[in-house]
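Please examine the sequence and the structure shown below. The paragraphs that follow lead from the ligand to one residue of the protein.

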Amino acid sequence: MTKVHKELLQAKRTVRDYQKWEYDEIVRIYKDFAPWWELQGKRLLDVGCGLGGKLPFYAEQGARKVIGVDLRPFSAFAAAHLACEQGKSSGVICVAIADGLTLPFQDNSFDAIISVNVFEHVVDPLSVLQECYRVLRPNGYLYLYFPPFYSPWGAHLDGWINFPWPHLIFSEQNLVRAAAQVELQKSLNAQFIPPAQVFWANLDTLPELNRLTIRQFLELVNRAKFKILECRLLPVGRHFLQSIQLGGFFLIFLKILSLVPRINELIVTKIVCVMIKEG
Ligand SMILES: C[S@@+](CC[C@H](N)C(=O)[O-])C[C@H]1O[C@@H](n2cnc3c(N)ncnc32)[C@H](O)[C@@H]1O
């Protein structure tokens, strides 16, 4: 398990800690959207805002209006509560319970849309893309950041099964059974906030995952009307390799591999994609 995963497990214990983790994550990753990142004066929609920890960051970045939507009432309420507490950005941040499949907004309502760590969960990614296209204004940007399914941690079992690529080695049914056993021993659900709980004993397959691969994602983007400005495929181990001597050589090698179809499905931990709705 990586340091970030350990911090995430710790953060899942309270709403406050999780919101802070969400905030710290966007502070860490927003530069991956450069040179396309610009929120000054924008009306921004966050699809799948979770507990809303990232929303204040978007306001701090100069967004004129930040609207977060999430499918889960618990998460949307926590996000709304956080927004109310943020005196500085009062009136700037709003939150609603809504599904990315049917966004409750008129056409061309937003200057930009962001969705972080959500796209691997949505039931119908093409429809969500098309819905984002509809509510985005011409020349607006869509920022997406999410892990492809076959990436090391793409099975989303952290806490219960803590080694990479478990879903390449074992069947989903066996993984779910193993996670249920671990849950019996460790009672993680009792320590986690509701959105982080998974009731493995009631499941047969990995829950809330659409199993989207890099190849499938790029096909969907082709079918939606968006034009890709940049799609970066971030390889596994990049932070570690940047911190050790000669790591740069391995990183170049990994970056080349991350462009090779099929192989990249295994080593790319995040897809970072910026798209434009051409005017
Ligand atoms: C891993 S959380 C990410 C939260 C937040 N974006 C972040 O990165 O801090 C995924 C969120 O997506 C939400 N979600 C999943 N499918 C959705 C959909 N179709 N519409 C809106 N939200 C959705 C879930 O309820 C969950 O809160």
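Which residue has a side-chain N or O atom 2.8 Å from a nitrogen atom of the ligand? That residue is Asp99. Such a polar contact is a pair of N or O atoms within 3.5 Å; within protein, one must be able to donate a hydrogen and the other to accept it, and residues adjacent in sequence count only if both atoms are side-chain atoms. This is a predicted model, in which local features need pLDDT of at least 70 and side-chain atom pairs count only at pLDDT 80 or more, while totals for chains, interfaces and linings use all residues. Residues are numbered from 1 along each chain as its sequence is written, and side-chain values use heavy atoms, with hydrogens and water left out.

A ligand nitrogen lies 2.8 Å from a backbone N or O atom of Val116, and a ligand nitrogen is 3.4 Å from a polar backbone atom of Leu71. Of the 600 Å² of accessible area that the ligand has on its own, the protein covers 89% (Shrake-Rupley method, 1.4 Å probe). The ligand is surrounded by 17 residues, each with a heavy atom within 4 Å of it; Gly48, Lys54, Asp70, Gly100 and Val116 are the closest.

Attention now turns to Gln19, which is found in helix α2, residues 15–29 (a DSSP run of H or I, at least four residues). Gln19 counts as buried because its relative accessibility is 6%, under the 20% limit (1.4 Å probe, protein chains only). Its side chain reaches the backbone oxygen of Ala78 at 3.2 Å.

How values were computed:
Helices (H or I, at least four residues) and strands (E, at least two) are DSSP runs, numbered from the N terminus. Buried means under 20% relative accessible area, exposed over 50%, partly exposed in between (1.4 Å probe, protein chains only).
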